[in-house]
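Dear colleague,

I am handing over the structure below, and I would be glad if you could look through it alongside the notes that follow.

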Amino acid sequence: MKKNRFLSIIFLAIFCTGALYYHFRQSQSNDIHLENKALQDVFTGAEKVHPKLGSPPRYDIYQAHPDNPEVLTAVAFNTYDLTPEIKGYAGPIKLLAVISPEGTIRDIRVLKHSETPAYVFTLDDFISQFKGKNIAGSFRLGKDIDGITRATMTSEAVARSVDKSAKKIGRQALKLDVGDPSGDQPKTLSYIHIILPLLLFMAAVCGVLGRNIFLRWLALLAGFIYLGLIKSTMVSVVQLVNIGMLKFPDFVTNPLWYCLVVLTLLSLMILGMVYCGSICPFAGVQEVLFHLGRKLKWKELKFSHEVTQRARYVKFGVLFVVLAASFMIGNSSAANIEAFLILFAAHASQAGWAFVVFILVLSVFHFRFWCKFLCPIGAFNGLLADKSIYKIHFGPECGGCGVCDKVCPVGAIQMVDDKPLIDYPECILCNQCVEKCPKEVLFFKKSFHKSAQQRGSTEQDTLTKHD
Ligand code: SF4
Ligand code: SF4
């Protein structure tokens with residue numbers, strides 16, 4: 001469709017320009033600026049901060065009193081300078097740590113990070129636990145330090161990085177006997193987080209290709225439990241922004257991130273909206289609520305095709321605004337608008353919760369209200385799904401009865417001149433149309449123009465009119 005081509009071009013323009021703008025700004029700025037700002041906040045005049053020098057690189061801080069100008073009162077350093085290999089969920093977490101000559105952590109400030117904002121809203125509280133601890137002690141998560149709920153990877157990265165960098169500084173700059181870092185055992189690849197997403201996608205794909213409703217619900221339930229409740233990790237605009245910013249997590253500590261991104265992209269390019277249709281935890285929640293509404297015989301909220309078509313542009317608007325805003329401000333906090341992040345992070349402002357509750361209530365009355373009209377990552381997935389290799393097509397025996405149009409729960413089918421047209425970016429591959437077609441003329445077929453044009457078939461008509 002021309003509409004989808006146009007939206008894809010806008011997306012690419014915003015994504016590429018935004019990413020270039022972000023990297024240009026990054027090349028102009030460096031951490032020194034952030035470090036100086038944090039140092040000004042910590043030291044208000046009684047101490048003098050010397051320029052960053054030495055190996056390991058650090059700021060030496062001396063008493064500002066003229067009688068004691070040579071008394072070292074603290075050293076400050078950027079943890080990233082000493083532990084660049086330690087990454088959080090989505091890349092390095094840079095902190096400014098201040099340590100007394102005796103090895104006590106005096107202060108610690110966040111300089112920069114790329115973690116999902118909805119999950120690390122308590123990062124400042126979390127790092128304040130380090131204050132007052134001696135660097136010779138241990139910093140084990142869950143024992144010495146309480147982690148951030150639902151952000152274990154971030155908490156672990158911070159604890160390891162503070163522990164390791166502080167001990168390095170203590171040993172090399174302050175000549176203290178601080179022992180070895182407590183949490184610095186080499187990380188091993190967690191194969192379970194490669195196998196589980198693979199199984200999840202396999203179940204979803206088998207459900208789509210085998211028209212198996214049970215497998216589809218099984219995948220939705222597994223997605224809800226595994227991705228939603230246990231891992232709190234979903235396909236989101238945050239990943240899109242981080243890819244544009246070239247911020248990637250460590251594969252060994254976070255293989256799920258890579259599996260989710262790769263499997264979603266592959267399934268989009270081959271079949272279409274497998275993730276949205278059969279895996280997304282928020283989609284499962286919305287569908288259950290919708291079916292509950294029907295069970296209770298509450299009146300369904302229906303919109304005409306015209307209203308639905310127009311309202312769908314809203315989610316593309318949300319996608320473009322969130323992308324542009326994220327690249328402008330230099331992090332993905334604009335993605336906090338994603339209702340599923342709020343729900344599964346279980347944290348939001350009152351306004352955020354009111355928004356999620358509003359969306360969930362609407363889901364009771366309208367099938368996947370959020371997905372259809374508002375979800376920015378659903379909009380992006382749709383643009384890729386439009387170009388998938390295999391799609392549902394109609395055979396030439398189609399009699400134009402319109403049953404498929406009536407049963408499609410997302411209104412992705414429209415009858416034009418007695419021929420059904422599928423809006424592929426909206427199709428969640430639920431197979432309702434395939435199942436209910438009285439003539440059984442719907443099927444998955446390799447796309448797209450070339451073979452249809454060669455044979456001048458009904459699919460050709462469908463596609464041409466679709467444009
Ligand atoms: S549109 Fe958004 S919320 Fe809906 S299934 Fe897709 S990612 Fe999930
Ligand atoms: S009923 Fe609609 S959403 Fe389901 S497979 Fe058919 S076109 Fe796609």
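The shell around ligand 2, taken as residues with a heavy atom within 4 Å of the ligand, has 10 nonpolar, 2 polar and no charged residues, where Ala, Val, Leu, Ile, Met, Phe, Trp, Tyr, Cys and Pro count as nonpolar, Asp, Glu, Lys and Arg as charged, and the others, Gly among them, as polar. Among the residues that surround ligand 2 are C408, C427, C430 and C433, together with I413 and N431. This is a predicted model, in which local features need pLDDT of at least 70 and side-chain atom pairs count only at pLDDT 80 or more, whereas totals for chains, interfaces and linings use all residues. Residues are numbered from 1 along each chain as its sequence is written, chains are lettered from A and ligands numbered from 1 in the order in which they are written, and side-chain values use heavy atoms, with hydrogens and water left out.

Around ligand 1, the shell divides into 9 nonpolar, 1 polar and 1 charged residue, and its members include C276, C280, C371 and C375, as well as R368 and G378. Two or more of the shell residues come from each of α10 (274–278), α16 (369–373) and α17 (376–385), helices being DSSP runs (H or I) of at least four residues and strands runs (E) of at least two, numbered from the N terminus.

Strand β7 (residues 413–416) runs antiparallel to strand β8 (residues 419–422), and 4 bridges join them, where pairing requires that DSSP finds at least two bridges. In this hairpin, which has 2 residues between its strands, D417 in the turn has a positive phi of about 50°, while M415 stands opposite P420 in β8.
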